[in-house]
Amino acid sequence: MTTTEPAKADYWFDSALTLDDIEPDRYRTEISTDRYTDPAVVQREHDTIWMKVWQAAGRESDLPEVGDWKEYQLLDQSFLLIRGKDNRIRGFVNACRHRGNVLCKGRGNAKRGILCQYHLWSYDLQGKLKGVLRERENVLTALDKEGLGLLEVSVDCFAGFIFVNPDPDAEPLREFLGAEVVALLGPYHLDQMSTVLDVREELDCNWKVVVDAFSEGYHISGIHPQLLQVVMIDPSTTRYRFFDEHSVSCAPFEVAGKKFGLEEQVEGIMGLPDTFPSVTAVLPRFQELVAEYRDENGELRLPGGVTPRTMLQRATRETLTTMGFDVSALTDAQMSDNNGWVLFPNFFMTVRAGEATVILCQPHESGDPNRCYWHIMSVMWLPEEYRTSFSAEHVEVTERGSFPYFLALQQDYEQMPRQQRGLRNERLDHMSLVKEEVVIAHFHSVVDRYLAGAAQ
């Protein structure tokens with residue numbers, strides 16, 4: 001009896017780099033600590049990175065109806081994202097063309113148009129100036145109005161996410177991502193998933209501390225010891241793919257009990273929902289498959305090629321397919337293995353069949369290098385009848401520490417400010433990366449290029 005469909009031959013993992021394939025001097029491993037603590041670096045990043053590159057700003061589902069809008073705050077810049085009558089999401093500088101008043105704060109709906117509360121100038125959903133208070137008395141001509149529309153910024157959508165580039169002359173989003181990245185992420189159908197967690201909170205650390213923390217598994221033994229009960233850490237099996245700005249890596253999923261025997265592996269998989277809640281839906285089918293291989297004495301006997309890992313993969317594929325989700329273009333490995341994506345500059349995602357967790361980070365609007373925001377989003381495939389009841393509303397945490405993150409996220413939440421405090425020590429002038437942290441090294445090589453002004 002076959003366990004799953006044959007793996008796809010073009011899965012990136014099959015031809016990817018191992019740690020041994022990566023030359024020791026490919027990326028620099030000493031990272032200056034002033035990159036995390038110097039206000040002058042914040043300004044350089046503002047000019048060379050944040051005002052020049054595509055960055056994720058939320059999900060398309062944040063703006064489901066015509067006229068829905070949200071503010072996107074980036075350092076001291078404010079942008080307005082709004083869905084037009086043509087269903088297209090556009091972005092504008094969030095300032096009235098009259099005297100610069102901020103138009104919108106937070107989220108809302110402006111189906112009839114955008115109204116500045118200061119002097120009641122109004123704009124349509126495409127940013128065109130519609131009306132001016134006492135227009136005739138103020139002698140504003142049609143030509144004047146044509147030139148006083150809202151200032152547009154580049155906005156595009158990919159995989160269900162809204163991306164913003166403050167540069168109105170930005171290269172197309174898909175060119176920035178690259179054809180390979182677009183092709184590799186396409187089969188996950190992220191645009192069809194529903195948001196089941198959506199939380200944004202201020203942190204006492206630099207935004208790059210967040211990127212670094214989620215770009216390596218080297219810290220799991222120290223910060224997430226509970227994960228060691230269900231996840232086996234083996235750097236020799238991790239694979240890497242580096243693109244110009246972005247990267248993807250994967251450590252194949254194996255339960256920690258592998259070295260102890262089949263029953264321990266099964267027990268480890270049954271315990272996964274404590275750490276990975278979405279696995280719950282797959283477990284009934286997994287248990288059925290396990291039962292098929294028990295003899296009359298209840299002992300588990302697996303034929304060649306069948307393991308608890310392959311049974312989990314088969315259960316995942318069959319469960320998602322039964323629920324109506326198309327996983328036909330994903331490999332068996334993608335049923336169980338999380339791929340860790342870093343899309344420069346602020347997007348980290350772990351994704352496998354049917355689900356993804358995304359962490360966005362941004363510098364703080366005050367310009368303080370020791371503060372930032374993180375934005376946690378979990379998305380999941382849900383049958384249509386469950387989407388309304390399980391979809392999450394956006395939470396903006398105002399009381400520090402009040403939101404109950406699941407355990408692993410809570411541990412990272414507490415750890416990152418500790419690192420920032422250490423980085424502020426004046427005698428510590430650089431961090432020293434180990435080989436397992438090569439994704440961090442690649443990320444900082446991209447930062448280097450942008451800060452040097454070499455990237456366009």
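Guide: Let's start with a crossing: α9 and α10 cross in a right-handed way (right-handed if the near helix is turned clockwise from the far one by less than a right angle, left-handed if anticlockwise). Mind that this is a predicted model, where local features need pLDDT of at least 70, side-chain atom pairs count only at pLDDT 80 or more, and totals for chains, interfaces and linings use all residues. Residues are numbered from 1 along each chain as its sequence is written, and side-chain values use heavy atoms, with hydrogens and water left out.

Visitor: At what angle do the axes of α9 and α10 cross?

Guide: Axes are lines fitted to C-alpha atoms, for helices over the stretch in contact, and angles run from 0 to 180 degrees between N-to-C directions. Here helix α9 (residues 283–292) and helix α10 (residues 308–323) cross at roughly 130°, their axes coming within 8 Å.

Visitor: Which residues of α9 meet α10?

Guide: Contact means heavy atoms within 4.5 Å. From α9, R285, F286, L289 and V290 meet α10 residues including P308, M311 and L312.

Visitor: How many disulfides does the structure hold?

Guide: A disulfide is a pair of cysteine sulfur atoms within 2.5 Å. This structure has zero. C116 is in none, and its nearest cysteine sulfur, that of C96, is 3.9 Å away.

Visitor: Is C116 buried or exposed?

Guide: Buried means under 20% relative accessible area, exposed over 50%, partly exposed in between (1.4 Å probe, protein chains only). C116 is buried, at 2%.

How values were computed. Helix = DSSP H or I, 4+ residues; strand = E, 2+ residues; numbered from the N terminus.
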